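User: I have a model open and I am new to this. Can you show me how to read a few of its features?

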Amino acid sequence: MTRLIELENLKKRFRVKEAWGKVRYIHAVENVPLYIEQGETLGLVGESGCGKTTLGRTILRLHEPSSGKIFFRGQDITHADMLPYRRKMQIIFQDPSSSLNPRMTVGEIVGEPIDIHHLASSRPERKDRINYLLSRVGLNSEHANRYPHEFSGGQQQRIGIARALAVEPEFIVCDEPVSALDVSIQSQIVNMLEDMQRELGLTYLFIAHDISVVRHISRRIGVMYLGNLVELAASKELYKNPLHPYTKTLLQAVPIPDPRITRSRQRTILNGEIPSPMDLPPGCRFSTLCPNAMQCCSETAPMLKEIAPGHQVACHLFT
């Protein structure tokens, strides 16, 4: 299959100025090698602050990368003019209420990217295009004259999706698109994203905390910890055979709605402290919590290595 997105050792560090003029850096994303094939959904999971959202925004150059390279269809776009690529690469934000301009009507919000990229030659064509996009996400033409605050959270997220679809993109970063919604609304949004992917041939980077949602929608899943990609595998393979100790801990934390199974489950208790992203330990970043840590773990950072076809892990236990 064609690789739509490819990253080479992507890094993103944020400069932080402290007292007395001292400058330090937050290591948000470090040396991430990743690719996303055309038409697939790549899930990205990890705890809050691990760099998932930063990675997604850096791919779109909403954050400028500190180093590394970003390729779209084989073209290096790391330092390219992004306006032509905005039509091809879009994002659905986590919080729909804060990502929609409260002073603009829904029609103006959805129509703005159409105007920027000159996708309608006349006002009637523009109106028809907006109405089509709203109907595509389960809204109707009457909603175009309303403001974002008049809609529920699920409807606001549908507006955000319509805005992303307005330029007919090929790749969409879904940044926790269902985390702020009720469970019943979550399923509606996820099903709608899957339907659109089949019909329009879209490619997704799906970022989420809810591992069950990621498992449902993703073909492959990447696991991040403190800016590093620690494991990458096919969705079923990752759940059946997790290799990295952090991945195992994440899966053990997923609640099971059966008290008998819950009581009998074996869980790993992590002892220690999570390092600060401004003051990272040498070697493996998970070594301060890992129950299997060895001497080499605190000295040398493990590289992402393919253990089985399509299954990669960054852990000294497998080197």
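Predicted model: local features only at pLDDT ≥ 70, side-chain atom pairs only at ≥ 80, totals over all residues.

User: Let's begin with α4. Which residues of α4 are buried?

Analyst: Burial is judged from relative accessible area, with under 20% counted as buried. In α4, which spans 106–116, the buried residues are Val106, Gly107, Ile109, Val110, Gly111, Pro113 and Ile114.

User: What do the buried residues of α4 pack against?

Analyst: Two helices. They pack against α5 and against α6 (153–165). α5 itself covers 123–136.

User: How do I read the packing of α4 and α5? What is the angle, and how far apart are the axes?

Analyst: Look at the two helix axes. α4 and α5 pack at an angle of about 115 degrees, and their axes are 10 Å apart. The crossing is right-handed. By class, the contact of α4 with α5 has six nonpolar, two polar and five charged residues.

User: Which residues of α4 and α5 meet?

Analyst: On the α4 side, they are Val106, Gly107, Glu108, Val110, Gly111, Glu112, Ile114 and Asp115. On the α5 side, they are Arg126, Arg129, Ile130, Leu133 and Leu134.

User: Now α6. Why are α4 and α6 described as roughly parallel?

Analyst: Use the angle. Under 35 degrees counts as roughly parallel. α4 and α6 pack at about 25 degrees, with their axes 7 Å apart. They are therefore roughly parallel to each other. The crossing of α4 and α6 is right-handed.

User: Which residues make the contact between α4 and α6?

Analyst: Val106, Ile109, Val110 and Pro113 in α4 meet Ile159, Ala162 and Arg163 in α6. By class, that contact has six nonpolar residues, no polar ones and one charged.

User: Is His118 buried or exposed?

Analyst: Over 50% relative accessible area counts as exposed. His118 has 68%, so it is exposed.

User: What about Leu226? Where does it lie?

Analyst: Leu226 is in the loop between β9 (220–225) and β10 (228–234). Leu226 also has a positive phi, about 45 degrees, although it is not a glycine. Its relative accessibility is 8%, so Leu226 counts as buried.

User: Now side chains. What does Arg129 touch?

Analyst: Arg129 sits in helix α5. Leaving out residues up to four places away in sequence, Arg129 touches Ile114, Leu119, Ala166 and Glu168. With Glu168 there is also a polar contact: the two side chains are joined at 3.1 Å.

User: Which residues does Arg136 touch?

Analyst: Again leaving out residues up to four places away in sequence, they are Met192, Asp195, Met196 and Glu199. The side chain of Arg136 makes a polar contact of 2.4 Å with the side chain of Glu199.

User: How do I compare sequence distance with distance in space?

Analyst: Take one pair and check both. Arg136 and Met196 are 60 residues apart in sequence. In space, they are 8.8 Å apart, C-alpha to C-alpha.

Notes:
Residues numbered from 1 in each chain as written. Heavy atoms only, no water. Helix = DSSP H or I, 4+ residues; strand = E, 2+ residues; numbered from the N terminus. Buried < 20%, exposed > 50% of the residue type's maximum accessible area, 1.4 Å probe, protein only. Contact = heavy atoms within 4.5 Å. Axes fitted to C-alpha atoms, helices over the stretch in contact; angles between N-to-C directions. Left-handed = near helix turned anticlockwise from the far one by under 90°. Nonpolar A, V, L, I, M, F, W, Y, C, P; charged D, E, K, R; others polar. Parallel < 35°, antiparallel > 145°, perpendicular 65-115°, else oblique. Polar contact = N/O pair within 3.5 Å; in protein donor to acceptor, adjacent residues only side chain to side chain.
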